[in-house]
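Subject: Handing over the structure

Hi,

Here is the structure I promised to pass on. Have a look at it first, and then read on for what turned up.

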Amino acid sequence: MVCPRPKQPVPVLALHGRADTHVPYDGGRAAQSRGKSSAISVSRSIGMWVDADGCDPEPQVQSMGGARVERQTWFDCRDGAEVVLYSINGLGHEWPKANSLGGFEAGAAIWQFFERHRITR
């Protein structure tokens, strides 16, 4: 799959449960889609953004939430963009709840990301 390169770098934040049966983490046919759809893997999808934004291909990796959450961050992207992926062990196709993730708060993580990447026109 080839995606067109954006005209300018795009900061990207993704949260994905490793146990998602609607959009499988490793790609392929979704068990919950009755075989009608398939998805590319999270690593391939994120890799396309890392490449498009011209980021350093080696992410910084941090364990969070009692090791249930892994944050990968790709820095040194063009124009200050960054690509961030939160992979959540044991989470399906649902909103991550802080009380089950050792205090990891998805809403706060999203807010902090957009605070760093405000678009001004």
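One term before we start: a polar contact is a pair of N or O atoms within 3.5 Å, where, within protein, one must be able to donate a hydrogen and the other to accept it, and residues adjacent in sequence count only if both atoms are side-chain atoms. Please keep in mind that this is a predicted model, so local features need pLDDT of at least 70 and side-chain atom pairs count only at pLDDT 80 or more, while totals for chains, interfaces and linings use all residues. Residues are numbered from 1 along each chain as its sequence is written, and side-chain values use heavy atoms, with hydrogens and water left out.

Let's begin with R18. R18 sits in the loop between β1 (12-17) and β2 (28-29); helices (H or I, at least four residues) and strands (E, at least two) are DSSP runs, numbered from the N terminus. The side chain of R18 makes a polar contact of 3.0 Å with that of N89. Beyond its neighbours within four places in sequence, R18 is in contact (heavy atoms within 4.5 Å) with Y25, E70, S87, I88, N89 and L91. L91 is 73 residues away along the chain, yet the two C-alpha atoms are separated by 6.0 Å. R18 counts as partly exposed because its relative accessibility is 36%; buried means under 20% relative accessible area, exposed over 50%, and partly exposed in between (1.4 Å probe, protein chains only).

Next, the inside. A nonpolar core here is a set of buried Ala, Val, Leu, Ile, Met, Phe, Trp, Tyr and Cys residues joined through side-chain atoms within 4.5 Å. The largest one has 11 residues: V12, Y25, V42, I46, V50, C55, W74, C77, A81, V83 and L85. Two or more of its residues come from each of α1 (42-52) and β6 (83-88), and α1 gives the most, with 3 residues. Apart from this core lies another, of 10 residues, among them Y86, I88, L91 and F113.

As for α1, its buried residues are V42, I46, V50 and A52, and what covers them includes β1, β5 and β6. Just after α1, G54 takes a positive phi of about 65°.

What about β6: how many of its residues are buried? The count is 6 of 6, so to speak a mostly covered strand. V83, L85 and S87 point one way, and V84, Y86 and I88 the other. In general, side chains in a regular strand alternate between the two faces of the sheet. β6 runs parallel to β1, with 6 bridges joining them, and L85 is the bridge partner of A14. With β5, β6 runs antiparallel, again joined by 6 bridges, and here V69 is partnered by I88. Two strands pair if DSSP finds at least two bridges between them.

Finally, there is 1 disulfide, counted as a pair of cysteine sulfur atoms within 2.5 Å. C55 and C77 form it, with S to S at 2.0 Å. The torsion about their S-S bond is about 105°, so the disulfide is right-handed. Because C55 is in the loop between α1 and β4 (60-64) and C77 in the loop between β5 (69-74) and β6, the pair ties together parts that are 22 residues apart in sequence. C55 counts as buried at 9% relative accessibility, and C77 is buried too, with a relative accessible area of 10%.

Over to you!
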